[in-house]
Amino acid sequence: MTVDSARLFAAFAQDWGRPTLDSRVASLAASLTAAGWSAVRVEIAAPGATARADIGLIPLHEAGGAGRVALVHALARFARDGAYVVPRDRRGDLGELLAPGREDVVVVPLMAQGDQIGTIVALTPVAAPDDVKALRAFADVLAIAVDADQRQRRAEGDAERAAVIARVGESIRASLDREEILRAVARDVRIAFGSDRCTIYVRDDRNPSIARGIAADDPRSSRPPLPERIPIAGTLLNRCLGLGQAVRIGSDANDVDRQQLIAFGAVAMLLVPFVVDGRVDAGIAIQFERDHRFDERDLLLMRTIAMHVSLALANSRLYERERSARRRAEDIERNVRALKDTRSVADILHSLLEIITQEFSLIGSGWAVERSDLVCRVVSNRSEGIATIDDRAPEALAVINAMADHELITIAARDDGAWVKIVGTRGGFALPLRVEHRLYGMLAFEGLPRDIDDSQGREAYVRTVAAHGALALANARAFEAERRFAAESAAISEAGRTVLAHNDLGALAEAMTRYALELSDANMASLYVPRDGVLARVACATIGGECALPQRISFEDPLVERAIESGNSMLATLAGGAVAVVPLRSAASPRAAGVFVCQRASDDARPFDRSVLRLLEALGTLVALGLRNVELYSALSENNEFKDDLLAMFTHDFKGPLTVIQGYTELLLEEETGERKASVETIYAQSKRLAKLADDSLVLARTQAAGFSLQRDICDLNGFVGESVHAHDPGEDRIEYVYPEEDDTIVFIDRTRLRHVLDNVIGNALKYSEGVVRVEVETRGSEAFVRVSDRGIGIPPADLERVFVRFGRGTNARSRGIAGTGVGLYISRKIVEVHGGRIAVRSVENEGSTFEIVLPLAPAAGMTEDVEPAAQPALVPEVTAS
Ligand code: ADP
């Protein structure tokens with residue numbers, strides 16, 4: 001055979017114009033056969049190039065690695081002219097690799113840049129050396145052409161991939177939002193691969209064993225939507241998201257993988273993880289519903305895209321972190337501002353709890369430290385029904401101690417009972433609310449915060465909130481203490497006023513037990529005072545319902561005995577309810593004057609607060625004083641009554657003999673002359689003075705007595721005053737009387753008593769002056785004025801008020817030796833006031849005085865008959881002794 005090389009190359013030049021490598025190779029094999037080879041097989045190490053003629057060789061690409069090695073070894077012996085020529089009689093040397101036949105076999109490797117890129121296997125009856133050389137030369141040209149072609153195709157593929165990467169790059173730069181980026185990437189990749197669906201699986205924030213898909217679907221395929229939550233374990237996702245592997249499976253998959261593919265509704269699938277900050281939180285899956293082979297370049301492309309996306313996700317995470325850090329900073333600032341205006345401990349704990357639980361979706365509670373050994377749960381967002389925590393957990397002592405030197409306590413590490421009880425059973429964390437070294441409260445949470453990406457950020461956040469909260473709490477505490485103190489002071493001073501207003505035991509006891517009930521937040525409060533050898537209940541206040549406290553308590557009752565002996569409040573629990581026995585103590589007596597007993601409801605064992613006991617004790621002191629006051633008052637009133645009766649009796653009996661003496665003295669005066677007459681006149685004057693004294697005393701005694709009342713009459717004041725003026729100045733040379741002549745001045749008065757007033761005031765004016773006295777009646781508006789003025793000794797300014805007090809006298813009157821009792825003006829003021837009027841004095845010492853009596857005018861004539869003199873206050877007996 002002589003190969004026609006010229007024709008062969010011409011055919012090659014023509015064949016190479018065919019569109020696909022496959023078709024080129026096929027027509028090439030045909031040309032070679034046409035050129036004289038009996039059978040030809042061309043194999044190119046590129047996808048798509050296959051044998052065209054069966055030449056009895058095992059297809060090389062199916063021979064597998066071992067077959068290839070055996071073939072190469074076997075062929076080595078037949079190397080000739082840059083090819084391998086196996087003579088027909090030696091074909092058996094290649095064993096199973098080459099079927100026996102009647103033709104020589106020529107194998108020519110296609111070499112490009114030192115690599116074998118393909119093989120030509122040709123059969124001919126006799127392989128002449130020239131034919132082999134010609135085939136060799138053709139193979140070299142073919143190798144160059146194939147290599148150039150492959151390079152170009154690779155370049156085109158690279159350009160295509162670069163375009164996909166560029167498009168994805170653009171999409172991920174367009175946004176900083178993670179979700180948006182992933183959506184765009186899924187869309188770009190699906191379009192680039194022409195796949196039915198591209199999904200990005202993202203690990204769930206809250207439950208890392210679950211993934212969520214963000215999918216882009218080919219609008220032409222009617223695919224069911226993705227399930228919302230896809231478990232990772234046991235699915236293809238585990239290889240990608242769990243192990244971080246790229247997974248490439250198609251129709252050649254094993255049974256297990258095929259089942260998995262069916263679960264995802266795919267026939268072929270490529271899964272590539274996104275590695276962000278060294279962690280796989282997402283992966284991309286390209287799915288085909290038809291058979292599809294993903295090659296190395298697809299894998300490479302997807303790895304490149306995954307790298308870009310991972311970077312973008314890291315950026316977005318950074319941005320998110322920044323943004324949420326800024327938002328949190330703003331939140332904190334806003335919340336802190338709100339906290340500043342919050343004044344109650346409960347409100348502050350509530351806000352703090354809200355801030356943290358909302359930020360991290362937790363369950364939590366806020367606790368206030370009430371004393372050094374008690375914290376009290378104030379608020380909780382734990383819904384009813386879930387494990388409950390005691391409102392006041394004494395276990396909290398352990399917690400308080402633990403809080404002393406920690407800023408944040410993770411409960412998972414401390415599973416002792418106290419913590420579990422405070423926080424809940426699932427573990428969590430607690431934050432002390434402390435300022436300097438004082439603990440004001442704490443926040444406790446079930447579960448751990450998750451949303452902020454790094455644990456340091458979370459801790460910094462909750463600690464900042466806690467620090468501000470603690471300050472607000474400290475302020476609120478101070479404010480509450482101040483307010484409580486003010487309220488307590490107000491309550492005690494109010495109680496003090498009540499004590500002063502009562503001089504009757506029953507009313508006092510009733511008012512005080514009411515206070516005790518209010519102050520103690522109890523259900524019942526009773527007051528017990530000693531009576532007949534036991535403590536008798538004198539009052540009981542309850543919040544509705546009967547008083548269940550005993551009528552009598554023995555002094556030997558242990559609780560009462562201890563309270564009275566020690567002078568301290570005693571606490572106990574009776575029938576499930578808290579009880580406090582508070583002694584009534586005052587500085588005036590060493591022994592308690594009785595006890596308060598306060599009792600809570602039978603299911604309320606909350607002990608009485610120390611501050612409440614302090615208040616009750618203060619109240620007890622007031623009650624002790626009040627009881628003493630009541631005692632003194634009743635002794636005093638008995639005393640006063642006796643004294644007034646005695647006075648009335650004396651003066652009455654005194655006046656009888658005096659009147660007789662005066663009568664005889666008057667007779668004697670008519671008869672006597674000379675020296676003896678002067679003596680009789682003295683007797684007469686002194687007996688008149690005695691009679692006046694007796695009169696005053698009698699009126700005084702009467703006004704002091706309970707039930708003092710007026711016998712009122714309509715009266716013309718002008719005439720009435722005139723009578724008194726005339727009686728004092730029969731010679732009409734000492735008194736100048738001025739009154740409104742055109743009108744009557746009608747008043748409604750007790751003539752006898754008002755006569756006493758006028759006599760007293762006019763008498764004084766005459767007594768304390770020597771010149772003319774002016775008496776004047778005037779009306780103005782609804783009032784009548786009687787003014788008595790003199791130019792006598794006057795009253796020193798310091799004595800002006802005293803002259804109206806019982807037994808009150810001016811110092812100048814005393815020093816001048818002017819006789820007087822200091823009772824007249826006192827009685828006068830009483831009488832005028834009972835008439836609804838008033839009396840006052842203006843005076844300058846050594847210049848004179850003006851006394852002014854003001855009385856209400858009687859209503860217009862005709863109506864006076866109807867006036868019922870009912871609104872006359874009885875004269876109240878004085879309490880204090882003078
Ligand atoms: P008495 O005149 O009996 O002392 P009163 O109660 O009538 O008692 O008066 C009280 C005091 O008021 C008198 O002691 C006197 O000091 C003073 N007083 C009353 N009237 C006058 C007056 N017109 N001028 C000066 N002092 C007067």
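A residue counts as exposed when its relative accessible area is over 50%, as buried when that area is under 20%, and as partly exposed in between. The model shown in these views is predicted.

View 1. Phe 650 is found in helix H15. Its relative accessibility is 55%. The cut-off for exposed is over 50%, so Phe 650 counts as exposed.

View 2. Helix H15 spans residues 610-671. Here Glu 631 forms a salt bridge with Arg 628. Their closest N and O atoms are 3.3 Å apart. The two residues are three apart in the helix, so about one helical turn separates Glu 631 from Arg 628. Arg 628 has a relative accessible area of 40%, so Arg 628 is partly exposed.

View 3. Across the whole structure, a search finds 40 salt bridges.

View 4. Side chains of opposite charge can pair when their charged atoms come close. In this view, the side chains of Asp 140 and Arg 136 meet in a salt bridge, at 2.5 Å from N to O. Both residues lie in helix H4, which covers residues 129-173. They sit four residues apart, about one turn of the helix. Arg 136 is buried, at 13%.

View 5. The side chains of Asp 257 and Arg 239 meet at 3.2 Å, N to O. Asp 257 belongs to helix H7 (residues 255-263) and Arg 239 to helix H6 (residues 236-242), so this pair ties together parts that are 18 residues apart in sequence. Asp 257 counts as buried, with 10% relative accessibility. Arg 239 is partly exposed, with a relative accessible area of 27%.

**View 6. A negative patch and the loop of Asp 744.** Negative charge gathers on the surface at Glu 741, Glu 742, Asp 743 and Asp 744. Where does Asp 744 lie? The loop between strand E25 (735-738) and strand E26 (746-749) holds Asp 744. Asp 744 counts as exposed, at 55% relative accessibility.

**View 7. Strand E5 and its two partners.** Strand E5 runs over residues 115-124. Most of the strand is covered, with eight of its ten residues buried. Strand E1 (residues 39-44) is joined to E5 by six bridges, and the two run antiparallel. Within this pairing, Arg 41 has Val 121 of E5 as its bridge partner. Strand E4 (residues 104-112) also runs antiparallel to E5, joined by nine bridges. Ala 112 stands opposite Asp 115 in E5. The hairpin of E4 and E5 has two residues between the strands. There, Gln 113 takes a positive phi near 50 degrees.

View 8. Strand E18 covers residues 524-531 and strand E19 covers residues 534-542. They pair in the antiparallel sense over eight bridges. Leu 527 has Ala 539 in E19 as its bridge partner. Two residues lie between the strands of this hairpin. Asp 532 takes a positive phi near 50 degrees there. E19 also pairs with strand E20 (residues 552-553), in the antiparallel sense and over two bridges. In this pairing, the bridge partner of Leu 535 is Ile 553 in E20.

**View 9. Ala 186 in helix H5.** Helix H5 spans residues 178-193 and includes Ala 186. Is Ala 186 buried or exposed? Ala 186 counts as buried, at 0% relative accessibility. How far apart are Ala 186 and Cys 198? The two are twelve residues apart in sequence, and their C-alpha atoms are 5.3 Å apart in space.

Technical notes:
Residues are numbered from 1 along each chain as its sequence is written. This is a predicted model: local features need pLDDT of at least 70, side-chain atom pairs count only at pLDDT 80 or more; totals for chains, interfaces and linings use all residues. Side-chain values use heavy atoms; hydrogens and water are left out. Two strands pair if DSSP finds at least two bridges between them. A salt bridge is a side-chain nitrogen of Lys or Arg within 4 Å of a carboxyl oxygen of Asp or Glu. Buried means under 20% relative accessible area, exposed over 50%, partly exposed in between (1.4 Å probe, protein chains only). Patches are made of residues with over 30% relative accessible area and no salt bridge: like charges are joined within 9 Å, nonpolar side chains (Val, Leu, Ile, Met, Phe, Trp, Tyr) within 5 Å. Accessible areas come from the Shrake-Rupley method with a 1.4 Å probe; for residues, only the protein chains shown count as cover. Lys and Arg count as positive and Asp and Glu as negative; His and the chain ends are not counted. The place of a charge is taken as NZ of Lys, CZ of Arg, CG of Asp or CD of Glu.
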